[in-house]
Amino acid sequence: MGISGFEPTFLVGLEAVREHHRPRWAELGGRRLTGFALVRFAEDGEWFADCPVVLDFEGVRVEICHWKFDELSIGWNAIDTTAAITGWEWSEFTPVWSSADERLEPFVGQKLREASLLEWRLPGRDLADGTIAVEFAFAAGRFRICNGLDENTIEVGAPQTDFVRHRLG
């Protein structure tokens, strides 16, 4: 993707994600969300949801990226959002880092109350069964970075009832 510092480790399933990242979640406790970065196209401002969502909690950065139908990579303090995104010379679009997003902006400055992994569990057969979302709760509400079946999605408010919450940190 040409993103400086982005070296994803994609994991599948709740236990793999939770165990791999368990020690890091405590670092976020009580920190304020001081910023975020998404990749948008300079030409039209559209979010390129295939790229990681970077959240900055007073200097501890969490980098979330979903891929395929069930893979999740969570990185820590690795991506350089001040560096230009390279390797897109073939494209008619120019990806750039952006700190503009109407869903995330209301949470900037708020103290994190809780982080959770949400596991999609729908009775019966469902393609998304077992996918993992990462949720951040604040006094004024909550948001999630979810698997949009091969890309990231951002949801605000209470999660759908088919998610099972697993608290972290």
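Along the sequence, the protein chain of this predicted model runs β-α-β-β-β-β-β-β-β-β-β-β. That makes 1 helix and 11 strands, taken as DSSP runs numbered from the N terminus (helices H or I, at least four residues; strands E, at least two). The radius of gyration is 15 Å, close to the 15 Å of the globule rule for 169 residues, so the chain is as compact as a globular protein of that length. Here the radius is taken over C-alpha atoms, and the rule is 2.2 Å times the number of residues to the power 0.38. The C-alpha atoms fill a box of roughly 45 × 35 × 30 Å along the principal axes.

Of the 169 residues, 47% count as buried (under 20% relative accessible area, 1.4 Å probe, protein chains only).

Now follow strand β3, residues 53-57. In β3, 4 of the 5 residues are buried, so this strand is largely enclosed by the rest of the structure. Strand β2 (residues 33-41) pairs with β3 in the antiparallel sense over 4 bridges; pairing requires at least two DSSP bridges between the strands. L33 stands opposite F57 of β3. Strand β4 (residues 60-67) also pairs with β3, antiparallel, over 5 bridges. There, R61 in β4 is the bridge partner of D56. The β3-β4 hairpin has 2 residues between its strands, and E58 takes a positive phi near 45°.

Residues are numbered from 1 along each chain as its sequence is written. Local features need pLDDT of at least 70, side-chain atom pairs count only at pLDDT 80 or more, and totals for chains, interfaces and linings use all residues, while side-chain values use heavy atoms, without hydrogens and water.

Key
Buried < 20%, exposed > 50% of the residue type's maximum accessible area, 1.4 Å probe, protein only.
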